[in-house]
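Student: Could we go through this structure slowly, so that each term is set beside its definition?

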Amino acid sequence: MNTTDIKSYMQAVGQEARAASRLVAKADTAAKNRALTAMAQAIRRDEALLLAANAKDLDNARAKGLEASMIDRLTLSAKGVATMAEGLLQIAALADPVGEISGLNYRPSGIQVGKMRVPLGVIGIIYEARPNVTADAAGLCLKAGNAAILRGGSEAIHSNQAIAACVKEGLRSAGLPESAVQVIETTDRAAVGELITMKDFVDVIVPRGGKGLIERIANEARIPVIKHLDGVCHVYIDDQADFDKAIRIADNAKTQRYGTCNTMETLLIHAGIAEKILPALSKIYFDKGVELRGDAAARGIIAQIKEATEQDWYEEYLAPILSIRVVDGLDQAIDHITKYGSQHTDAIVTENYTRARRFLREVDSSSVMVNTTTRFADGFEYGLGAEIGISTDKIHARGPVGLEGLTSQKFIVLGDGQLRQ
């Protein structure tokens, strides 16, 4: 397509999505659940077709020399297909947030004032590599009463289109418009530029991918964006921490998985216990192949720790690399997190109730934890069923974004003829 054709194509997609959003917003829970169940059944039935489409994408990715991490995210296995289907069934089992009324109270005038949860409208989702996002995003947006425009990466075009066919079949079988979920068919990057500026048709943009993609969307979008740029997550081990508990948490937070946004990137240790706990922790990390970079105090305890630069404290490694700093206490730990953190997820390990409460209150992140691993910062682990992403913004959705994050609230007022005096 040329630029003119892409603009016309995207405008048509937007118009169809806006029209579909009005129908989906008023669809009853049973219809949405029928669609989700039918999508899951179609995905299970078409496993061979989905894997064949994915094989085409993998062949192209290898021919283009894409890095191993990208190919890993792009790869769809039989287990991955089953997980996609199961995810849709889990979304169907979740309570429908649309129409939920809360906070209904009588006012002195006799009227009742409350809030009703409503869909956002049309959600544009821009993502890279992972084909499963096509099914996850479609399911979450639908259950929350929204229409979705999905623009996956060019590297996954065949996989995404094959999954989209199952999604459309599910919508059709439940009597809902197929245009409630549209997967952009062109791989031209100009389509992204159009999508993020279509204010008349799109209400919210959700980018999922690398920092470069999210920065571009955040800078160029003329529509509200739900996002997080970095996951510079911290664990602070207090001098009143349980020793064994602290070691298990610090190990899990870093080594359970390296490439996720909720993986610990900086470990802060109270000076009062650093000489006791750091040798045990460093041995665990070295045995697992983790490179350690630390301040002078940490290197004074463990000679093999490399010198950390100022940039290291800001770094989201997404790799087996960990920065370590020894701090004087809670105040310095909080100051460090405030300066270098990304407001994603931060944890304290302590048996001191007062310090735990201070940490919860004063650390300004979307998830703040006491005596557990940062790896729990996840929509499924939080009981949301699934997530569309994680937001570090402070308006509307914050933290893992599930069904509730894909809705808003409006005031409702119930009266019986009352007039304002």
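Tutor: Helices (H or I, at least four residues) and strands (E, at least two) are DSSP runs, numbered from the N terminus. The model is predicted, so local features need pLDDT of at least 70 and side-chain atom pairs count only at pLDDT 80 or more, while totals for chains, interfaces and linings use all residues. Residues are numbered from 1 along each chain as its sequence is written, and side-chain values use heavy atoms, with hydrogens and water left out.

Student: Where does L318 lie, and why is L318 called partly exposed?

Tutor: L318 sits in the loop between β10 (306-307) and β11 (321-327). Buried means under 20% relative accessible area, exposed over 50%, and partly exposed in between (1.4 Å probe, protein chains only). The relative accessibility of L318 is 39%, and therefore L318 counts as partly exposed.

Student: What makes the phi of L318 worth a remark?

Tutor: Most residues other than glycine have a negative phi. L318 is not a glycine, yet its phi is positive, at about 55 degrees.

Student: What is the phi of H396, and how do you know that H396 counts as partly exposed?

Tutor: H396, also a residue other than glycine, has a positive phi near 65 degrees, and H396 is found in the loop between β14 (389-391) and β15 (399-401). With 44% relative accessibility set against the cut-offs of under 20% and over 50%, H396 therefore counts as partly exposed.
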